[in-house]
Structure formats: structure tokens, C-alpha cells
Amino acid sequence: MRPSHFLCVLFLILLVTPATGISQPRNAGDAEFLSPLEDAVVSEINKARTAPGDYASLLEQYKKYYDKKLLKLPGQTPILTKEGAGAMVEAIRYLRSIKPLPPLNPSKGMSSGARDHVKDQRSSGSTRNQGRDGSQPWERVNRYGTWEKSIGENI
């Protein structure tokens, strides 16, 4: 896993269920509407979903690079994290406790709604789920299509 994947959790990602009326690609690489970073984030999430034990083992290798809240990867600029190594340990423990899940399929409508929120956050500095216009995740997605069952948002 590249260091940039740790930073990806800072970006808004919608974890999706198939949206009505919006065609779904078979995998993230087929989703031409995703930026390279978005594609990498979906790919990383799917690795963790489909092989959680293997992903936990991968994360174990990164624990040694933490000095409290500072992540010092070889040859990289150190990254000051908010949670530190404790969050890594918690993620590893969780990944070891769950069964594999099917991969997520990105949705153009949900991705577009998320992208709008990232732009809003960039200008406001907010990390809230509610947009400056008062919108919630489902409202932003409804601007681009419809969805079924449930909708979630990771910031």
C-alpha cells in the first residue's frame, strides 16, 4: 500500500449500494468517471472488504513506522496523524474479526454528490457531513440520480 492511501481517508467517499437507473461498473477500474485518486481509494477499500485478514497483515507492517502520532515512512515526509498508532491497531483488530464482503461498485451519481461536498469542504474547511447549504449526503446524491436501501458517507 502506498503512503497516499493513508491520506485518502481524509477525502469524502461514499460507500455505495447500487443506485437505481445508474449503470454500475463491474469493478472500480471500469468506472471511467472516477479520478485516479478516487479509483485508488475504491480499490483500497475493496482490498480490505474482500480479504480483511490479508489487509490486516498488510497494515501490521506499517505499525512500526509510527512514533506516537507521527507516521514516518522510509523516504517520505513524516505525516502527523490525528489518531496515531492506536487507530491502526483498532483497524487491524476489526479487520481480523470480520468475514470477507463483496467489493463495492462505484456509482457515478453518488460519486458526483461526494465530489460536490469535497469542493464545498475545501472552501469552507468543514469536516461535517452537512453541506454549507444544509444538504445531507442523500440530498446531494439525489441531484444526480436515485438510490435504494441505504446510503453512507465516510469523511
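Select R96 and E60 first: a salt bridge joins R96 to E60, with their closest N and O atoms 4.0 Å apart. The two residues belong to distant parts of the chain, since R96 lies in helix α4 (residues 85-97) and E60 in helix α3, 36 residues apart. A salt bridge here is a side-chain nitrogen of Lys or Arg within 4 Å of a carboxyl oxygen of Asp or Glu. Side chains of opposite charge can pair when their charged atoms come close.

Before going on, a word about what is on your screen. This is a predicted model, in which local features need pLDDT of at least 70 and side-chain atom pairs count only at pLDDT 80 or more, while totals for chains, interfaces and linings use all residues. Residues are numbered from 1 along each chain as its sequence is written, and side-chain values use heavy atoms, with hydrogens and water left out.

Which residue forms a salt bridge with E60 at 3.2 Å? It is K63, and that distance is between the closest N and O atoms. K63 and E60 are three residues apart in helix α3 (residues 52-63), so about one helical turn separates them. Helices (H or I, at least four residues) and strands (E, at least two) are DSSP runs, numbered from the N terminus.

With all of these selected, you can see that E60, K63 and R96 are linked in a network of salt bridges. Buried means under 20% relative accessible area, exposed means over 50%, and partly exposed lies in between (1.4 Å probe, protein chains only).

Now select K72 and D67, which form a salt bridge with closest N and O atoms 3.4 Å apart. K72 is partly exposed at 39% relative accessibility, and D67 is partly exposed at 40%. The whole structure holds seven salt bridges.

Stay with D67 and switch to the cartoon view: D67 stands opposite L70 in β3. Strand β3 (residues 70-71) runs antiparallel to β2, and two bridges join them. Strands count as paired if DSSP finds at least two bridges between them. Zoom out to find an open, antiparallel sheet of three strands in the order β2-β3-β4. At its edges stand β2 (66-67) and β4 (79-80), each with a single partner strand, so one side of each has no neighbour in the sheet.

**Stop four: N46**

Select N46, in helix α2 (residues 36-50). N46 is buried, with a relative accessible area of 11%. Leaving aside residues up to four places away in sequence, N46 touches P103 and L104; contact means heavy atoms within 4.5 Å.

**Stop five: helix α5**

Select residues 108-124, helix α5. Its buried residues include M110, H117, V118 and D120. After α5 comes G125, with a positive phi near 80°.

**Last stop: colour by confidence**

Colour by pLDDT, the predictor's confidence in each residue, from 0 to 100. The protein chain averages 78, and 79% of the residues score at least 70. Among the elements, α4 has the highest mean pLDDT (93) and strand β1 (residues 13-15) the lowest (30). Over residues 1-26, pLDDT stays under 50. Where pLDDT is low, the predicted coordinates should not be read in detail.

Notes. The expected span of a helix is 1.5 Å times one less than its number of residues.
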